[in-house]
Each structure stands twice: as structure tokens, then as C-alpha cells.
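Here are a few exercises to work through with the model open beside you. Try each task before you read its solution.

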Amino acid sequence: MTSYGDLTAVNIITGFLGSGKTTLLQRLLRSPQLSDVLVLVNEFGEIGLDHHLLQGVAESTLLLENGCLCCAVRGDLQKALREQLSRRTRGEVPHFRRVVIETSGLADPAPIAYTLLSEAVLRHHFRLSGIVTTVDAVNGAAQIGGFPEAAKQVAMADRMVLTKTDLCDGQLVAALRARLRALNVSALILDTSEIGGAPHRLLTDDIYDAEGKFREASHWTAEEIGEHANGPHDHTEAVQSFVVTFDRPLDWTAFGVWASMLLHRHGADVLRLKGLLNVAGVPTPVLINGVQHIVHPPSHLEQWPDADRRSRLIFIVHGLQRGRIERSLAVFNDLVNAPAASPAGSAAHATAKRA
Amino acid sequence: MCALCGVLGGKGHWSDSASATAAFAGRAEPQTRLRERQARTRLLNVVLKHYGVVVSDWSGNAYLLSSRTGRTAIVETISEIWSAAERLGGRICDPLDEGYLAKLADGAGSTQAR
């Protein structure tokens, strides 16, 4: 049986209008490590990709019965990926090992993720590797404030690439970085000049990549996140991110029941859920990664990244309160593994850090 | 597929340890799929008791939900349980509801799922 990590990885490159998605993609595709990718773009003509497979897609979506906007199957993507999969199987196209989808500037990444993770055929062949969001350093702050699409693209990112930083003041860039960090505490934020000599890692590092998963998980536990979590927070943002830590090991069954119930009721408002969990009875950390209603199969690290053995859950949410999430998980965990003495309630065992 | 009843293998779910065997390979106490489903079913019954819904494992591939009035539903994964429980119980299943959490916490000591 094929493991989840062996499925063809799919990356989403998104970002608001004019934020430099195509320029970044051109740079990435010059990397020899990315010589065997299938590229799906919305429009032809802007990018020279002679040696790459290229297919255009029009962004149409098919809404499912429950009508939730994030649970929409992208019909165009479904058709394009099924067709390319079939052609690859028949040997009609070079064997691509990765797919990169460049979205339009106003696209919502959630239906793409939903399509990959839930479509009857695609979910057995493809997996979502990561979402890269480009942010225009000059106009990014105004776009995030003025357009919900831009804020969501930032909130859902695994990595953010700041573009056009040479065109604006360093203080503005620093302020933008702080705002991006408040919206998305877990994503790696890079200036285009910081991408360095291994640009392919922007796409290849994920929690299922044997080489890159330790680097990826390290972002989730970085000291920077802890410092930010304890710092001042702007409550005016509709989207917020925070880290919840648990001192006691989590029961995997209780966590699964709780998370599925939470995402059923509030999945539309849980933009991302990432976690490095200390699961009771399991010596190594278990990694989870979710996008709205969908959660990937868990992965793991061979060893803990540091001496801290607490579970750390990163939430990027829209309008949900950290305290309630913290208390709710603690109550569910105690249903299976009640403490010997906990008169003040199980929430006393949880330590939350607010972003 | 079950050779006796013709039931196809159920859909996998991320919360099944079997969906990521490598992640749980180092378990001190090995967990079989059946044992995990039994533990999950016990916990689900504690959680859903407050909505008037009872859950049982159905052939190891699905969950059978029953309401107090005898209405039933069969679902394949725990993600599908909550919609069915809301239909049968007539109430929204919300793990962030303070009143619900208080009831759940009050009963935690006496109705532990394990």
C-alpha cells in the first residue's frame, strides 16, 4: 500500500494580484531539483516553461451539498489533474513527481486543498505539500487590510515570500513582517533575497519529506514563535493565530474525536491547524496538519527537536477564542485520562500562549 | 471486503493510527485497529450521551448511531458522525459550548472512557 508521503506532492503558489507569484515560480523552476514538475496556471503566456509540463486551468468551482465555501471541489483542477494522471500512467507525458499550482491573485487556496484531499480519485494519487504565499512589501499591508482574499492567502500559508522589499523602507518591511506573523504564527517568512542557494526547499520541505520534515517542524516550535506568542497582540484583526501547549501527553483517540468534532462545527473558521503532539504511549512526536475541515494523515519525527516535551498546537482562526479551544481539548483529554486530583478542572493542566 | 456479509472495507480516516503506521510504530503498548475502534466507540458514547445518541461499531467498518426514539444512521468515519448525531439528536454538536463542556467535565470522573 502506498503511504501518504509517497503520493505525488502538490504545492500551491498563491498571493494577491501583482505580488510576484510568476516571478517566484520562474526562479524556482530554474532549480535542477524541480526539473520534473507539472505546472498548472490560470493563464498562459507570462512564463517561459518550455521544458516543463504546463496546463492552463480556469478557476471554476463546484459547490457541494453542504454549501460551505471552503468545501468546494475545484472542477477545473479535478479535470486537469485526472487527465494528467491518466496521461502519466499511459506514458504520454514525462513522469512528473510534483505539481505546482499557481493560483490567480484573488483565489482562495482552501478549495484547492479540499479537492486534493477529498476528491475520490485524486486523494489516492496526490497530497498537498504546502502553500507558498507571495506578499508585496509595498502594497501588502493595504491589501491584507482591504481584501479578505489577501488576508486568507496569508493565513493559510506554510511559507510567505516578501517581494519588492528593495522598493520600500526597512521599517515598513519590519512592520509588515510583524503583521504577517500575527496573522500566521507558524509560516516561515522570507525575503526574496533570503531564499538562498536551495530555492527548491520552499516547495519540497514538508512534514512528509524525509529530508525536510525536521526543518519544517522546527518552524512550529521555534523560539521566535514562543516569543511572539507572549508578545502584544492586535485584537482588531479578524484572523488570529495562537499556540496552545499541553504539559500532559494527549490521548490520540480523544484528540481525534475532539478535533473531528471541532472541525465539523468550526472548520470554516479554523484556517490552519498544525501540531507537534506528545501522544501518550508514543515516544516520538506526532505531527498533524490541517486545512479547514480537512486534516492530513499524521506524520512523525524520529526525535524531538529540543528538550521540550509539551504538545504544541498552532491555530490560525477566524473569530474563535483561544481559551475555549484550550479548555475544550483539556476536557476531552480528561475523559480518557482523568488526573488523579484536579479539583480546579482540567484546564489547569494546559498552558496557552497567545499570539 | 467481508466474505460473509459483502461489506467493503471502510474509508480511512486521519485519526486511525493505521493511516500512519510509522508515526505510531514506537508505541510502548501496541494498539490493534479493533482495540482502537472499541476505545473510540466508548469515548464517543460518553461525548454523545448529552445529545441523546448512542453509538456502536458496525462490522469494524462503520458506526451505527441510534437516537432515543429509535431512529438510526450508519456512517463510515468519525467526521461523518457529528452531522448524523445532530440530525438524530436535534441539537448542534459544538465542542466549544461552555454548558456542554461543563456537563462533560462533571461526568469525566465517573464515566471515563477507559
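**Exercise 1.** Why is strand E6 (residues 98-102) of chain A largely enclosed by the rest of the structure?

*Solution.* Before starting, note that this is a predicted model, where local features need pLDDT of at least 70, side-chain atom pairs count only at pLDDT 80 or more, and totals for chains, interfaces and linings use all residues. Residues are numbered from 1 along each chain as its sequence is written, while chains are lettered from A and ligands numbered from 1 in the order in which they are written.

Step 1: check burial. A residue is buried if 20 or more other C-beta atoms, placed from the backbone, lie within 10 Å of its own. Five of the five residues of E6(A) are buried, so the strand is largely enclosed. (Strands are DSSP runs of at least two E residues and helices runs of at least four H or I residues, numbered from the N terminus.)

Step 2: look at both faces. Arg98(A), Val100(A) and Glu102(A) point one way, Val99(A) and Ile101(A) the other way, and all are buried.

**Exercise 2.** Find the strands that pair with E6(A).

*Solution.* Strands pair if DSSP finds at least two bridges between them.

Step 1: E1 (residues 8-15) of chain A runs parallel to E6(A), joined by five bridges. Here Ile13(A) has Glu102(A) as its bridge partner.

Step 2: E2 (residues 37-41) of chain A is also parallel to E6(A), with four bridges. Leu40(A) stands opposite Ile101(A).

**Exercise 3.** Describe the side of chain A that touches chain B.

*Solution.* Step 1: count residues. The contact (C-beta atoms, placed from the backbone, within 7 Å) takes 34 residues from chain A and 36 residues from chain B.

Step 2: assign elements. H10, strand E14 (299-300) and helix H11 (322-336) of chain A each give two or more residues to this side. H10(A) gives the most, with twelve residues.

**Exercise 4.** Explore the largest nonpolar core.

*Solution.* Step 1: such a core is a set of buried Ala, Val, Leu, Ile, Met, Phe, Trp, Tyr and Cys residues joined through C-beta atoms within 7 Å. Of its 122 residues, Val154(A), Phe315(A) and Ala85(B) touch the most other members.

Step 2: helix H10 (residues 252-266) of chain A gives the most to this core, with nine residues.

Step 3: follow Ala85(B). Leaving aside neighbours within four places in sequence, Ala85(B) is in contact with Leu48(B), Tyr51(B), Val53(B), Leu65(B) and Cys93(B).

Technical notes. A residue is buried if 20 or more other C-beta atoms lie within 10 Å of its own, exposed if 12 or fewer, and partly exposed in between; C-beta atoms are placed from the backbone. Two residues are in contact if their C-beta atoms, placed from the backbone, lie within 7 Å.
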